[in-house]
Protein chains: 4
Amino acid sequence: MERRYRLVLSCPDRVGIVAMVSNFISSHGGSIADANQHSDPTTGCFFMRVEISANSLQFSLEQLREAFTPIAASFNMDWQIEDSSRPKRVVLMASRESHCLADLLYRFHSKELFCEIVCVISNHDDLRSMVEWHGIPYHHVPVDPADKTPHFNEVNRLIESHDADVVVLARYMQILPPDLCERYPHRIINIHHSFLPSFAGAKPYHQAHERGVKLIGATCHYVTQELDAGPIIDQDVTRISHRDLPEDMVRLGRDVEKTVLARGLRWHLEDRVLVQGNKTVVFA
Amino acid sequence: MERRYRLVLSCPDRVGIVAMVSNFISSHGGSIADANQHSDPTTGCFFMRVEISANSLQFSLEQLREAFTPIAASFNMDWQIEDSSRPKRVVLMASRESHCLADLLYRFHSKELFCEIVCVISNHDDLRSMVEWHGIPYHHVPVDPADKTPHFNEVNRLIESHDADVVVLARYMQILPPDLCERYPHRIINIHHSFLPSFAGAKPYHQAHERGVKLIGATCHYVTQELDAGPIIDQDVTRISHRDLPEDMVRLGRDVEKTVLARGLRWHLEDRVLVQGNKTVVFA
Amino acid sequence: MERRYRLVLSCPDRVGIVAMVSNFISSHGGSIADANQHSDPTTGCFFMRVEISANSLQFSLEQLREAFTPIAASFNMDWQIEDSSRPKRVVLMASRESHCLADLLYRFHSKELFCEIVCVISNHDDLRSMVEWHGIPYHHVPVDPADKTPHFNEVNRLIESHDADVVVLARYMQILPPDLCERYPHRIINIHHSFLPSFAGAKPYHQAHERGVKLIGATCHYVTQELDAGPIIDQDVTRISHRDLPEDMVRLGRDVEKTVLARGLRWHLEDRVLVQGNKTVVFA
Amino acid sequence: MERRYRLVLSCPDRVGIVAMVSNFISSHGGSIADANQHSDPTTGCFFMRVEISANSLQFSLEQLREAFTPIAASFNMDWQIEDSSRPKRVVLMASRESHCLADLLYRFHSKELFCEIVCVISNHDDLRSMVEWHGIPYHHVPVDPADKTPHFNEVNRLIESHDADVVVLARYMQILPPDLCERYPHRIINIHHSFLPSFAGAKPYHQAHERGVKLIGATCHYVTQELDAGPIIDQDVTRISHRDLPEDMVRLGRDVEKTVLARGLRWHLEDRVLVQGNKTVVFA
């Protein structure tokens with residue numbers, strides 16, 4: 001994959017944003033390899049993502065950022081420029097269920113996911129061998145149900161010491177404390193095993209069985225302080241029948257969970273997910 | 001389609017039910033054209049649906065019922081036998097939105113749905129011409145928001161006078177009173193424009209837009225006294241994106257609604273839906 | 001829906017196209033309501049579609065075209081500008097099967113499809129009443145199997161006299177002669193009842209049954225001289241099982257056919273389909 | 001999972017088959033845990049699969065087979081009885097692409113697939129470490145393009161010496177010689193990376209890109225002497241767009257391939273796939 005700079009921005013909508021951005025790029029010889037934009041009529045916000053062929057610019061990333069700063073200021077933009085050749089640093093968190101973890105490890109191993117998995121943190125030691133086979137450090141951080149604070153302190157220390165860009169809760173079954181959620185806004189991704197907002201909280205497949213739904217689903221979302229209520233990145237469903245008991249749903253749901261999580265993480269790694277309030281704009 | 005008798009039953013599960021039923025049929029020369037069964041391990045209930053080629057029996061339907069009665073009693077069965085050549089009598093109810101109504105009328109007109117649509121009842125007069133083109137009586141029964149009782153009395157009178165087997169709420173936007181729901185258990189079918197249990201109640205597409213879900217859906221269910229909480233017959237979803245406003249969801253959702261409703265009604269007309277508590281067994 | 005000008009273009013890819021186009025628009029005060037672009041690395045072609053809020057320009061459509069002409073020339077563009085408020089003139093062609101026709105008529109009637117259906121042409125008289133109920137002229141043009149030329153001459157005369165922008169073969173079961181195909185490049189849309197390139201030609205559901213596939217599909221494509229081989233606009237599939245006979249596939253396939261055709265036509269009417277060789281770029 | 005005997009049969013359809021089979025079972029105290037049947041009106045064949053709770057019978061599997069033999073003979077049945085507690089012996093074959101292999105290994109490792117993977121055979125040594133981590137023997141059998149006979153002789157010897165019940169071609173890129181195909185009828189399962197019959201043979205994603213289809217798929221089928229033409233067990237598709245190059249299709253297709261192969265293998269392992277001519281009956 002050719003190296004690219006990814007410019008991602010949002011700002012109040014007005015005439016001339018695209019012209020200004022594309023002029024800026026072309027005036028420096030930059031070639032636009034891909035571009036997406038979206039105006040939200042309900043909020044008056046404008047969103048844009050542009051991929052610029054890095055070798056079409058004589059700039060470094062730093063110079064590019066500097067040059068773009070005054071334009072961004074004049075349009076009141078939230079913005080960032082990323083280098084596609086820099087892999088994001090990912091911390092995976094898991095518990096005992098391995099399907100999402102194994103799936104992400106495989107996609108990383110086969111170079112489908114471009115990132116660096118800097119470590120796996122788990123409250124159990126079960127998945128150590130699988131993780132270490134991939135050459136990735138495994139941190140077993142037990143949870144004391146009577147006092148979870150030491151666990152989360154250590155988790156936080158590990159995230160910081162590994163300088164993580166993004167944390168993925170790959171069926172990590174603990175609820176993060178509010179301060180941890182707040183510290184990494186839109187940087188902690190969770191997979192919930194239901195089609196939210198249905199069946200938030202515990203044992204969603206049992207809830208689904210109880211209600212007699214005909215499809216079950218999974219939801220990949222950013223973690224916020226409110227449980228299972230953060231901005232949704234992706235969702236999908238699969239069909240079930242009256243024959244399927246909760247344990248069948250667990251089995252069938254696993255395939256949906258891992259697909260949805262991998263897709264959501266991929267989009268995040270490629271800077272395709274922009275957050276607006278409690279919703280996402282996904283330039284897939 | 002060859003004429004068939006449809007035997008549908010449920011009873012406490014035990015050894016020998018299938019043997020007894022199939023012996024009964026074959027001992028009278030009956031040929032089983034199709035059969036489905038299901039044992040629910042969580043409730044200990046057994047469900048079965050058998051299609052018998054009518055011309056393989058020297059029986060009338062009445063004689064068949066009589067002959068089966070002692071067997072049914074010995075197994076403590078809930079059961080019915082239907083003749084596939086008798087069209088069920090259907091009352092359609094609608095308001096102003098025509099997509100579900102038009103879809104059902106077309107499927108009826110093209111003989112895809114085997115039934116008799118005995119009338120359409122609406123609280124508005126808008127859809128009269130469309131209905132009457134199909135040669136179906138149209139009853140305009142206005143609703144007085146201050147007192148809905150006269151409306152529902154007249155609705156009930158019409159359902160009774162038309163001797164309806166099933167009532168379909170094809171985007172009829174009024175909430176039926178409890179006594180009407182009770183009078184026709186598992187005989188009133190509604191289409192709700194969300195993937196229940198998410199977004200029950202009013203304006204589900206606006207609720208979906210608010211929450212930022214990535215799929216919208218529709219749910220076909222039997223009506224009970226609790227709003228949007230009856231046994232689910234079928235559900236489906238379609239993908240949306242951040243670009244879709246509530247009005248786009250309305251448009252995209254229409255195709256899901258009409259497909260799900262037509263499928264659910266078809267299954268009901270073919271005696272494929274068995275109710276167990278607040279859930280359905282669908283022998284599709 | 002707010003009135004918009006739709007600029008659709010393709011040209012050899014090079015630096016500065018987006019900048020030039022967006023400058024052109026913003027320098028005249030034009031507000032970009034929506035935009036899509038695509039660079040095809042295998043052909044070196046660039047494709048773009050821009051929606052401009054019409055009331056943000058002090059221009060007429062004609063002046064806009066005139067002003068854009070020199071820019072288009074300098075980039076060697078194939079291009080067009082359309083006014084979203086002008087409904088395209090559509091001729092529908094059908095035979096005896098009514099599901100696609102009825103579906104398009106309903107979507108037109110309910111204002112979901114923005115267009116003018118100027119007439120329906122059929123080689124049978126069966127669907128006259130349905131069409132005329134919608135207030136649309138119905139032309140019955142019989143086919144003489146021994147000499148189809150008079151039929152196609154009359155079809156061509158009707159298309160011309162109605163000044164059609166697009167012709168939709170809504171399960172019209174005749175193969176158009178090459179000269180008719182050539183006369184309306186990328187303006188004749190067909191629905192084929194298989195997932196092309198599988199099962200081109202006659203009786204695709206029977207072919208599918210013979211082969212034992214587990215999904216059946218439908219394909220909406222532009223008609224070219226080669227049968228069922230033109231640029232594909234959209235496709236979809238539905239699941240079947242060993243229980244489904246060809247007649248069941250016909251029934252299940254109808255829902256796929258009408259959905260795919262309606263979606264493809266909608267995209268065409270909104271100038272979202274660009275053709276490149278024998279393939280399409282769809283800015284959906 | 002409770003232990004069960006699986007009786008699978010096919011025979012010419014006639015009155016009384018179900019009665020005879022269910023009588024046979026219930027007369028020995030056997031409890032039917034699950035049952036499926038299918039009459040094919042086009043061939044006059046009848047298919048049945050029954051799961052009997054093993055602990056409801058006082059029989060051994062051998063005695064059960066013996067007792068059923070005369071019944072089977074009188075109905076001219078093809079039949080088998082399997083013990084659900086005996087894992088089938090599976091040989092996996094792969095080349096360099098690991099996604100299907102890794103997926104099956106994971107499902108085996110997590111006990112989702114109930115079988116014994118007796119060995120992996122590959123014409124390359126690349127995947128040895130992944131396989132051996134699972135504790136499974138890895139046989140590297142190189143192919144000499146000038147003379148493939150020694151390779152296939154060794155493959156055959158390994159299949160025989162491992163006493164395999166089923167061989168899975170998990171993206172093994174060699175075409176099996178006719179005699180090997182014949183030796184294991186309906187016991188060699190292949191995954192082809194297209195929605196067959198479209199794009200049989202080499203490089204299906206490139207063929208799909210060339211044709212401009214809007215969905216790509218995968219097909220799991222039994223191997224016969226004719227390339228990519230054996231009985232289809234399962235298929236699925238995923239949506240693509242004009243943006244997707246063949247390499248994107250390869251990536252997106254991997255998820256479809258592995259899901260379809262895992263589902264097809266699971267059904268085979270559970271004796272749910274019955275072959276009729278070049279088609280399958282799948283009691284899923």
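Predicted model: local features only at pLDDT ≥ 70, side-chain atom pairs only at ≥ 80, totals over all residues.
Reader: The crossing of H1(B) and H1(D): left-handed or right-handed?
Author: That crossing is left-handed, meaning that the near helix is turned anticlockwise from the far one by less than a right angle; clockwise would be right-handed. Helices here are DSSP runs of H or I with at least four residues, strands are E runs of at least two, and both are numbered from the N terminus.

Reader: OK, back to the helices. At what angle do H1 of chain B and H1 of chain D pack, and how far apart are the axes?
Author: The angle is about 145° and the axes are 8 Å apart; H1 covers residues 17–27 in both chains. Axes are lines fitted to C-alpha atoms, for helices over the stretch in contact, and angles run from 0 to 180 degrees between N-to-C directions.

Reader: Which residues of H1(B) and H1(D) meet there?
Author: From H1(B) you have B:Val18, B:Ala19, B:Ser22, B:Asn23 and B:Ser26, and they meet D:Val18, D:Ala19, D:Ser22, D:Asn23 and D:Ser26 of H1(D). That makes 4 nonpolar, 6 polar and no charged residues. Nonpolar covers Ala, Val, Leu, Ile, Met, Phe, Trp, Tyr, Cys and Pro, charged covers Asp, Glu, Lys and Arg, and the others, Gly among them, are polar.

Reader: Zooming out, how many residues of chain B are in contact with chain D?
Author: 15 residues of chain B are in contact with 15 of chain D, where contact means heavy atoms within 4.5 Å. B:Val15, B:Ala19 and B:Gln37 supply 35% of the area chain B buries against chain D, more than any other three residues. The two chains bury about 1100 Å² between them, 56% of it on carbon and sulfur atoms; that is accessible area (1.4 Å probe) lost when the two parts are put together, summed over both.

Reader: What rotation superposes chain B on chain D?
Author: A rotation of 180° with 0.0 Å of shift along its axis does it, at RMSD 0.0 Å, so the two copies are related as by a two-fold rotation axis.

Reader: Now chain A. What area is buried between it and chain B?
Author: About 3000 Å², with 54% from carbon and sulfur atoms. B:Arg211, B:Lys214 and B:His242 lose the most area on the chain B side, together 23% of what that side buries. In residue terms, 36 of chain B touch 36 of chain A.

Reader: What's the order of the 7 strands in the open sheet of chain D?
Author: E7-E6-E5-E8-E9-E10-E11, with mixed pairing. Strands pair if DSSP finds at least two bridges between them. The edge strands, E7 (138–140) and E11 (232–239), each pair on one side only. The twist averages 20° from one strand to the next. Helix H3 (residues 99–109) of chain D packs on this sheet, touching E5 (88–94), E6 (115–122), E8 (166–169) and E9, and its direction makes about 155° with that of E6(D).

Reader: And which strands are at the edges of the 4-strand sheet in chain A?
Author: That open sheet runs E2-E3-E1-E4 with antiparallel pairing, and its edges are E2 (32–40) and E4 (78–83). E2(A) pairs with E3 (residues 45–53) over 8 bridges, and A:Asp34 has A:Glu51 in E3(A) as its bridge partner.

Reader: Last one: how many residues lie between E12(C) and E13(C) in their hairpin?
Author: There are 2, and C:Gly277 in the turn has a positive phi of about 60°. E12 (residues 273–276) and E13 (residues 279–282) of chain C run antiparallel, joined by 4 bridges.

Technical notes: Residues numbered from 1 in each chain as written. Chains lettered and ligands numbered in written order. Heavy atoms only, no water. Least-squares fit on C-alpha atoms with pLDDT ≥ 70 in both.
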